[in-house]
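This report describes selected features of the fold shown below. It treats sheets, helix packing and individual backbone geometry in turn.

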Amino acid sequence: MKNIISILLIVILLQSCTEKSNEDNTADLIRKVETGLTTWVHIEGDSTWSIQDRMEHYGIPGVSIAVIYNGEIAWVKGYGVMDKESQTPVTTQTLFQAAATSMPVTAYGALRLVEQNNLGLDENINSYLESWKVPGNAFTEEKKVTVRNLLNHSAGIYPYGTGSYSISEELPTLVEILNGSSPASNEPITVNKEPGESVSFAYASYVPIQQMMLDVGREAFPEIMHELVLQPLEMNNSTFNQSLTADQLTKAATGYLQDGSMVEGRRHIYPATASHGLWTTAEDYAKFITHIQQSKDLTELMGTPYGVSNSGWSFTLGLGFQLLNRNDEIYLRHHGWNTGFYAEIAAHRDKGYGVVVLTNSTFPEFNAEVMRSVALAYDWSNYVPVHQKMEIEPSLVDEIIGKYQSDEVIVEIYQEDNQLFYKNILAEQGEELIKVSDSLFVLRSSSQFIQFKPDSENGTINLQYLNRNDEAVLSTLVKVASNKKYPVEFLLEGDFENALIAYKNWKELNPTHPMVTEYYINDIGYDFYHADRMTLSLNTFKVNMMLYPDSYKVYDSYAEACMKAGVIDLAIATYTRSLELNPQNNRARHELKELQKSK
């Protein structure tokens, strides 16, 4: 008997020591995460930041983090405040808007209906839709839009998104959003390419999915998702309801804009709930991820690549998830940006680790920095590139300094204070170009390799971007004369008149060149817009209006910039012109209504 008691005491003691050791190890890892925030590419010897440092740097009120390790939730922790007025701290129970990270959860809900034999992934979605049908056109004559097409963004859905609404605005029904009818702020949802031809990320792809689930499930969407997903996975704090209960409101974070101001009414409402409407905690969302990771069938189905999005976002799309390939290590990921909230998640498809980062502000760089810190602390396979810096020979510096151009990018390589710098001419400042091998260079802000290769045809040097996975050439920039001036450079110098002349001349000589297309110039305008370089943004959109006076989209963009710059009368006039050119431009109609109300 004494021996048995002794053995039991030893077992209990060993168990206690193991638990204490695990707790100490977790505490050490948390400290590493909290102090290890770094750049996209980490150079050995670089200093790192703390979570607190970067929250103060960006002006982020609150963040909630859940870390997954060995297929389980390792820890969950909140930082900062959920509301700046009350100074209520973020806790593990704080609710954040999941934004577009709602989409993988919705996709799983649709797969549950497939599992229950209520849907077929490859069936024509119109066979399930009752309240609305995908409009037929030339693109859908031979191939019909399927459930799978919508979930993996290969349906060719237009428009890109459907917008949000402040709590004081009239809300559209889902059918009004699908039809693009008032009070919806989006254009009608249609198909603009053959289904299955290619993938193109669009938030609006999930609006027909939401309507289909309503028509099949015969309940409100939040109730359907509660029964199919949230309740079975014990995501007990989560909801797709846009009207929160009194208890949920006490836990809901307040959203903040990048300038630090509070979102009107503390949060926006998203009637297109399937793509943007989930309220959740970091812990609840981590429960969803671990459930997916634990099912081989689900990781294969949702983690199979269908193609690279051609909608301006260069990521591979799976079913519900976006995918990252890091030298054949596949990560499920997604990001989401609602007004005042930003969410990002990443999890290895096969190895049982991941992270959820939810914030009540919109600085994607911060979320990415936290995720890289977690990846380094937990030794994720190939997630964060780490390099040693090498010396650059002076002869090589002299050879590669200069200006390089492709159809869409112009960069300058220059030397300053004995360091080599890379600068996209649209950027406000350059960044250090770091040599990491005999032939390869990197930037701290990019996962791609850069190399300089002699061009035997013209006797100069080309700059090439290489895929990090296999070093395949992604694009090539040709070295040009340093004194060669491009139209956008006149804009950067504040010389609008000569910029317009240069753009008109270039368009006349080469009207199909990418740099003079309406879409490229518009993208530049929005780059300046998001960087708060408003004079440049306004001038870029203004050039575009003069080059393409019959396009309603360029007027819409210029009006948006005018609105941000506080030039309200000009915004009203320009939105009015956009609406004249396209009476179906519900966004312009919506903004006009709001602007006129505020005058």
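## Basis of the description

Helices (H or I, at least four residues) and strands (E, at least two) are DSSP runs, numbered from the N terminus. This is a predicted model, in which local features need pLDDT of at least 70 and side-chain atom pairs count only at pLDDT 80 or more, while totals for chains, interfaces and linings use all residues. Residues are numbered from 1 along each chain as its sequence is written, and side-chain values use heavy atoms, with hydrogens and water left out.

Two strands are taken to pair if DSSP finds at least two bridges between them. On that basis, nine strands form an open sheet with antiparallel pairing, in the order 4-3-2-14-13-12-11-10-9. Its edges are strand 4 (88-89) and strand 9 (307-308), each of which pairs on one side only. Helix 12 (residues 364-377) packs on this sheet and touches strand 2 (62-69), strand 12, strand 13 and strand 14 (354-359). The direction of helix 12 makes about 25° with that of strand 13; axes here are lines fitted to C-alpha atoms, for helices over the stretch in contact, and angles run from 0 to 180 degrees between N-to-C directions.

Strand 12 (residues 329-338) has nine of its 10 residues buried, where buried means under 20% relative accessible area, exposed over 50% and partly exposed in between (1.4 Å probe, protein chains only). Strand 11 (residues 322-326) runs antiparallel to strand 12 and is joined to it by five bridges, with L324 partnered by Y331. These two strands form a hairpin with two residues between them, and N327 in the turn has a positive phi of about 50°. Strand 12 also pairs antiparallel with strand 13 (residues 341-348), over eight bridges; here H334 has I345 as its bridge partner. Two residues again separate the strands of this hairpin, and G340 in its turn has a positive phi of about 90°.

## Pairing around strand 24

Strand 24 (residues 473-480) is joined by three bridges to strand 16 (residues 402-405), and the two run antiparallel. Within this pairing, Q405 is the bridge partner of V478. Strand 24 also pairs in the antiparallel sense with strand 23 (residues 460-466), over five bridges, and L466 stands opposite V473.

Strand 23 and strand 24 form a hairpin with six residues between them. E471, in the loop between these strands, has a phi near 60°, a positive value in a residue other than glycine. With a relative accessible area of 44%, E471 is partly exposed.

## Helix packing and helix faces

The axes of helix 6 (residues 206-217) and helix 7 (residues 221-230) come within 9 Å and cross at roughly 80°. The two helices are therefore roughly perpendicular; angles under 35 degrees count as roughly parallel, over 145 as roughly antiparallel, 65 to 115 as roughly perpendicular and the rest as oblique. Q210, M213, L214 and G217 in helix 6 meet F221, I224, M225 and L228 in helix 7, contact being heavy atoms within 4.5 Å.

In helix 2 (residues 51-58), I51, R54, M55 and Y58 are buried. These buried residues fall within an arc of 105° seen down the axis, so they line one face of the helix; the arc is that of the directions from the helix axis to the C-beta atoms. E56 and H57, on the other side of helix 2, are exposed.

## Loop residues and backbone geometry

Y378 is in the loop between helix 12 and strand 15 (386-387) and counts as buried at 7% relative accessibility. Beyond residues up to four places away in sequence, Y378 touches L29, V33, V67, Y69, A74 and W75.

Most residues other than glycine have a negative phi, and most peptide bonds are trans. The peptide bond from Y158 to P159 is cis, with omega near 5°, and that from S182 to P183 is cis, with omega near 10°. R266, in the loop between helix 8 (246-251) and helix 9 (273-276), has a positive phi near 80°. R266 is partly exposed, with a relative accessible area of 27%.
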